[in-house]
Amino acid sequence: MTPPLLIRESSRVRRARIVVAPNQPVEVVVPPGTSAAWIDGFVAEHREWIERRRAAEPEPSLGLQRDGVAWLGGEPRPVLAGDLAAWYRRQARGMLTETVEREAARLEVSGWSRIRVGDPRSRWGSCSTRGTLSFSWRLVMAPAWVADYVVVHELCHLHQMNHSRRFWQLVDEAYPSRRVAQAWLKRHGPELHAYRP
Ligand SMILES: [Zn+2]
């Protein structure tokens, strides 16, 4: 659901600190015995700072285009024989349907009617007034928390068919780390689009 965050205890630190490094999960280093509730509060308090730092870190490219390798949820896996493009679309349909069902239930959103999987160039998802949710199949290659964000974004359009302040408030409540997901898509989107299965 949210970008990965590692918690590590270390007797060498006297106060909690946050480590942000390129292409790695954000790490929170705490003195031994720090409570989970305290860490939650500490992270919540520093969320904006974490997101700004993450956005500022240069990240190497994903290296998606490799012989014999396919990508699911940001992880490489061997390609099996067959039509890879069709395989990606099937995987995307399954993953996106599951995510829409799970997030719609969590957010108590109804009103979506069907899911379409295509290859739009200008956006990752869209939502029609009739409740059709459309997504790029390429999202299946991204980490799951990125696809989660796009799904939550489109579900929020069932309440607000615009990008008003009210809309972004809904998204922020439903997916507090949306800026991290947006930054990921901005940085890696061109590589997802350039990929040829
Ligand atoms: Zn939108």
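Which residue in β5 is the bridge partner of Trp-71? In this predicted model, the bridge partner of Trp-71 in β5 is Pro-76.

**Overall layout**

The chain holds six helices and eight strands, which follow one another from the N terminus in the order β-β-β-α-α-β-β-α-β-β-β-α-α-α. Its C-alpha atoms fill a box of roughly 55 × 45 × 25 Å when taken along the principal axes. Of the 197 residues in the chain, 22% count as buried. Among contacts in the chain with a separation of 6 or more, 53% are accounted for by residues 24 or more positions apart.

**The three-stranded sheet**

An open sheet is formed by three strands in the order β1-β3-β2, and its pairing is mixed. Because β1 (5-9) and β2 (17-19) stand at the edges with a single partner strand each, one side of each is left without a neighbour in the sheet. Neighbouring strands of this sheet are turned against each other by 25 degrees on average, direction ignored. β1 and β3 (residues 26-30) run parallel and are joined by five bridges, and within this part of the sheet Leu-5 stands opposite Val-26 in β3.

**The nonpolar core**

The largest nonpolar core has 29 residues, and those with the most contacts inside it are Ala-92, Leu-96, Leu-139 and Ala-147. At least two residues of this core are supplied by each of α3 (84-106), β8 (132-136), α4 (144-156) and α6 (178-194), with α4 giving the most, namely eight residues. When residues up to four places away in sequence are not counted, Ala-92 touches Val-117, Trp-137, Leu-139 and Val-140.

How many residues of α4 are buried? Eleven of its 13 residues are, so that the helix is mostly covered. The buried residues include Ala-147, Asp-148, His-153 and Glu-154, together with Val-150, Val-151, Val-152, Leu-155 and Cys-156. From its first C-alpha to its last, α4 reaches 18 Å, which is close to the 18 Å expected at 1.5 Å a residue. The buried residues of α4 pack against α3, β7 (125-127), β8, α5 (165-174) and α6.

On the α4 side the contact is made by Trp-145, Val-146 and Tyr-149, while Arg-178, Ala-181, Trp-184 and Leu-185 take part from α6. Two of these α4 residues, Val-146 and Tyr-149, are also listed as buried.

Methods. Residues numbered from 1 in each chain as written. Predicted model: local features only at pLDDT ≥ 70, side-chain atom pairs only at ≥ 80, totals over all residues. Core = buried A, V, L, I, M, F, W, Y, C linked by C-beta atoms within 7 Å. Buried ≥ 20, exposed ≤ 12 C-beta atoms within 10 Å, placed from the backbone. Helix = DSSP H or I, 4+ residues; strand = E, 2+ residues; numbered from the N terminus. Contact = placed C-beta atoms within 7 Å. Expected span 1.5 Å × (residues − 1). Pairing = 2+ DSSP bridges. Axes fitted to C-alpha atoms, helices over the stretch in contact; angles between N-to-C directions.
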